[in-house]
Amino acid sequence: MSKKSRSKIWFLVHSWLALPIWFFVLIVCVTGTLAVVSQEIVWLANPDVRASKPSDDAELLSYDQVIAAIKRAEPQVIVESLSRPDESHFALSVDLSYPDGRSLEVYVNPYTGVIQGISPSFNFKAFTRALHGWWLVPFTNGYSWGWYLVSLLGLPLLASLVTGLVVYKRFWKGFLKPTLRIKHGARIFWGDFHRLSGIWSIWFIAVISITGTWFLIQAILFDNQVTISSEPIVPVITRDKVPMSSPGVPSPMIPLDDAISIATQRIPGLEASFISLPSTAYSHLRIGGRGWYPLMFQTAEINPYNGEIAASHLLSDRSGLEFVTESMRPLHTGDFGGIWIKLIWFFFGLVLSMMVLSGLLIWSKRTALATLHALKRSAKTAPQSIPLLQADTLEGNR
Amino acid sequence: MSKVTAAAPPSPLRAFWLKWRFHINILLLLVPLGFMPKYFADAALFRGDSGLGEREVGEVQVGPWSLKLAELRNEAPRPDPAGYMKAFNAALCATCGDQVKATYLRIGKPRSLRAAGVIFFGTPYRMGAVLPIPERTPADAELWITMEGWDGAMHQAAIPLSQASPATIAWLNKRGVKP
């Protein structure tokens, strides 16, 4: 096969990869872009989730102080879990169980312990993530088919990147000589735009497509009961380790702050940015946070009656494979280094969405142009069939 | 132009197909639109905005205590790698919160507290247990609730499974008892 016809095939493959599903791909890109900054959008829209400082010298409350403040305001509620978001401008997220049976996330000021608001029944963050992640298809038995539908897109995305780089001859020259011709009509502009944004997004498209494909593999593994996790299965606290007490008097638990200090002293580097309180009389208290490697979390399970560490899952416990697989999700979402990483992901998410759109525009304009040429020719001479794509000019041969 | 159309007259249907074939995937948007009511109903169910569960079983007296029982979903048990599972939710009586150390659920009478069944996770206001349903469960089986006090006291009660979950009984009947 000649070099020219081979590159033509690559070009055809590139052209057709996303075309029949362009709108689906576009919406997945747009919802993913929104999901990256969904927490920040909520912050902008809802003052309750902001952690405003009452005074310049105000200090953060400890978890026990926060729980005490919640109990003062709402004596009946039971705290189920607390989490301190990565960035200090967010209020604490606390799950409360109310006597009427509702179980709600509330936003608590980290300096005063005031419950600033109850999460609305429409959870924008969860909704955009569900729409992007599994197309809202419910999970009934294993992963939902919506999850498979979306994560399958990782493969054509990866193929688009590879074929795009193959057909864009000497693409590295584009870095040195960026071209974006504005005055030569829409077809030329979108072509330049597609190539320019493409080469600058190589890293991002690679990250998103590889991590997206990982989500597909993850679902396949889970649905076939294959696990690669080194996380210990922690048995419940044995009957004899839960102290007996008098009727109607729950056995006392050690203060949360004591449990945290015991755990962080014995496990150097353990952060307590989220706490789950025991969910039965025989369950452990679970604390966790990011380790030195910001893409993964470390956790410890603590006996709430005596402070004994029952189990821990640290970075040093992870296998090399787990470092790769557990990094996939934060790499996909851009949630591992604060607002600036998120904004970079958001920006390139927009660029990727525009690439889907510009790809479609190029295709339709080129086809329209080719059709016009074909019609003109057939109007001049006897009607003959000209395959539209043969009337094309090859990308990169300009 | 009229010459051209005369030269190659495509049928309107074919022209329509050629023009729109690559936009049909817009219809995929109907999938999330269709599932949206279900998504919001589930969100309300898990927050507790729409009650304890999809179907309330009622108040069950267990010795000096009582609890309100509900099926999380009014449907047949769901398959799971560990077998078929049925999720129940419960809320303890208003004065039971500090009295009850643990609540368990089991099909058939437990022989001891150690075999009381699956434990309820959560708070006295709202807790949940996922009960395995053996495929050979007879249709007249009983659902046993065991409650344990902080001093070790134990109280039990049973209700017919047909009362706790008619959907499970219908599912068992449909499958027939396996040998």
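1. A quick convention before the sheet: two strands count as paired if DSSP finds at least two bridges between them. Please also keep in mind that this is a predicted model.

2. With that in hand, look at E5(B) and strand E9 (residues 142–149) of chain B: the two run antiparallel and are joined by 7 bridges. One pair to look up is Tyr104(B), whose bridge partner in E9(B) is Thr146(B).

3. These strands belong to an open sheet of 4 strands in chain B, ordered E6-E5-E9-E10, with antiparallel pairing. At the edges sit strand E6 (118–119) and strand E10 (154–160) of chain B, each of which pairs on one side only.

4. Now the contact between the chains: 44 residues of chain A and 42 residues of chain B take part. On the chain B side, the elements that supply two or more residues are helix H1 (2–7), helix H3 (30–47), strand E3 (78–80), strand E5 (100–107) and strand E7 (121–123). H3(B) provides the largest share of that side, with 10 residues. By type, the chain B residues touching chain A divide into 24 nonpolar, 10 charged and 8 polar.

Notes:
Residues numbered from 1 in each chain as written. Chains lettered and ligands numbered in written order. Predicted model: local features only at pLDDT ≥ 70, side-chain atom pairs only at ≥ 80, totals over all residues. Contact = placed C-beta atoms within 7 Å. Nonpolar A, V, L, I, M, F, W, Y, C, P; charged D, E, K, R; others polar.
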